[in-house]
Amino acid sequence: MKRFYAIILFSLLFLSFFSVWGQSRRNGISIQAGYQAKYLNPRSVNFIIGKYNSAAGLSTRMEEISWANGFSAGLGYHSGRASFRLSGMLFDAQTYGIGTDANGGSFRRDVRLNGSVISAGINSELIKFYSEGGFNVGGSFDLSNFRTSSSQVAAAEYDENASLDPVSNAWAASFTILTPFRFGIGPVVKFSIEPYYQIFFGRLNYRQLNLELNGSAVPANSPELATEPDHFGVNATLMILLRRR
């Protein structure tokens with residue numbers, strides 16, 4: 001059902017896009033770079049972290065993972081009040097706990113959730129504020145990569161530059177709804193604030209991360225280990241028009 005609603009919504013955005021495409025016969029190409037923050041709220045990951053906190057006897061408990069952030073870059077094509085964008089994003093979040101092992105030594109356990117997103121989307125200007133700014137609506141189809149990693153080391157030997165051990169790697173398709181506010185700084189430079197909501201077409205299972213942290217204490221078939229990673233976030237994007245519109 002969620003896929004059906006996503007297709008209907010994207011169809012409406014597609015029609016809106018073409019209703020303003022080339023409307024003013026002003027075309028342009030832009031390069032785009034920005035920063036994003038997303039409220040991942042990975043329920044399964046936090047369930048696993050909660051079980052680990054309860055059983056490991058930590059002096060410093062792991063905090064739940066919620067916000068992730070990272071850089072983005074893209075290429076846009078603009079025609080009148082409509083635009084097309086191909087973009088990529090990175091995101092990263094990490095947490096750690098400190099405890100004492102059976103031999104009385106202090107250890108540190110780190111957990112990292114990171115990944116990347118490739119998106120192709122369309123956008124149309126709905127309300128114009130002034131000649132170089134307005135409120136937009138848009139949507140994109142995305143392919144996201146979610147990776148988890150974790151390591152436990154003696155606290156005294158912790159190295160912040162050391163890589164964690166890979167645990168899981170999964171891909172998921174999604175549809176994103178965007179509501180950008182764009183502001184022009186002259187005809188060449190634009191700044192875009194883009195709240196969004198990302199809707200995924202499947203679930204992610206974190207049984208491997210659970211096995212790494214909790215062993216067999218939580219069964220591998222527990223429904224708590226699978227979750228739909230739908231979430232909201234915001235992009236802040238700087239757009240430079242290579243060819244003036």
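Predicted model: local features only at pLDDT ≥ 70, side-chain atom pairs only at ≥ 80, totals over all residues.

Visitor: OK, how many cavities of 30 Å³ or more does the structure hold?
Guide: It holds three. The largest cavity has about 220 Å³ of space in it.

Visitor: Which residues lie nearest the centre of that largest cavity?
Guide: R85, S87, S119, S140 and L178, out of 22 lining residues.

Visitor: And which strand gives the most to that lining?
Guide: β5 does, with six residues. Strands β4, β5, β6, β7 and β9 (189-200) each supply at least two. By class, the lining of the largest cavity divides into seven nonpolar, 10 polar and five charged residues.

Visitor: What about the second largest cavity, what's its volume?
Guide: About 60 Å³. Its lining includes Q32, S72, R85, S87, M89, E194 and T237. At least two residues each come from β1 (27-39), β3, β4 and β12 (231-241). The lining of this second cavity has three nonpolar, seven polar and two charged residues.

Visitor: Switching to pockets: what volume does the largest one have?
Guide: The largest pocket comes to about 330 Å³. It is lined by 19 residues, and the closest to its centre are R112, S149, A162, S163 and L164. The elements that give two or more residues to that lining are β5 (106-130), β6 (133-154) and β7 (165-178).

Visitor: Which of those gives the largest share?
Guide: β6, with five residues. The pocket lining splits into six nonpolar, seven polar and six charged residues.

Visitor: Now the charged pairs. How many salt bridges does a search of the whole structure find?
Guide: Six. One of them joins E125 and R81, at 3.5 Å from N to O. E125 lies in strand β5 and R81 in the loop between β3 (67-79) and β4, so the pair ties together parts that are 44 residues apart in sequence.

Visitor: Is E125 buried or exposed?
Guide: E125 is buried, at 12% relative accessible area, because anything under 20% counts as buried. R81 is partly exposed, at 30%.

Visitor: What about R109, which residue does its side chain meet?
Guide: The R109 side chain meets E212 in a salt bridge, 3.0 Å from N to O. That pair links distant parts of the chain, with R109 in strand β5 and E212 in helix α3, 103 residues apart. R109 is buried, at 7% relative accessibility, while E212 is partly exposed at 35%.

Visitor: Which residues are joined into one network by shared partners?
Guide: R81, E125 and K128. As for another pair, D110 forms a salt bridge with R108, the closest N and O atoms being 2.7 Å apart. D110 and R108 are both buried.

Visitor: Last topic, helix α2. How many residues does it have?
Guide: Helix α2 (residues 43-56) has 14, and reaches 20 Å from its first C-alpha to its last, close to the 20 Å expected.

Visitor: Which of its residues are buried?
Guide: S44, V45, N46, I48, I49, Y52 and N53. What covers them includes β2 (58-60), β4 (82-100), β5, β6, α3 (207-214) and β11 (226-227). Just after α2, G57 takes a positive phi of about 60°.

Key:
Residues numbered from 1 in each chain as written. Heavy atoms only, no water. 1 Å grid on protein atoms, 1.4 Å probe; cavity = no way out; pocket = protein on both sides within 12 Å on 5 of 7 lines; lining within 4 Å. Points joined across faces, edges and corners; volume = space filled by probe spheres on them. Helix = DSSP H or I, 4+ residues; strand = E, 2+ residues; numbered from the N terminus. Nonpolar A, V, L, I, M, F, W, Y, C, P; charged D, E, K, R; others polar. Expected span 1.5 Å × (residues − 1). Buried < 20%, exposed > 50% of the residue type's maximum accessible area, 1.4 Å probe, protein only. Contact = heavy atoms within 4.5 Å. Salt bridge = Lys/Arg side-chain N within 4 Å of Asp/Glu carboxyl O.
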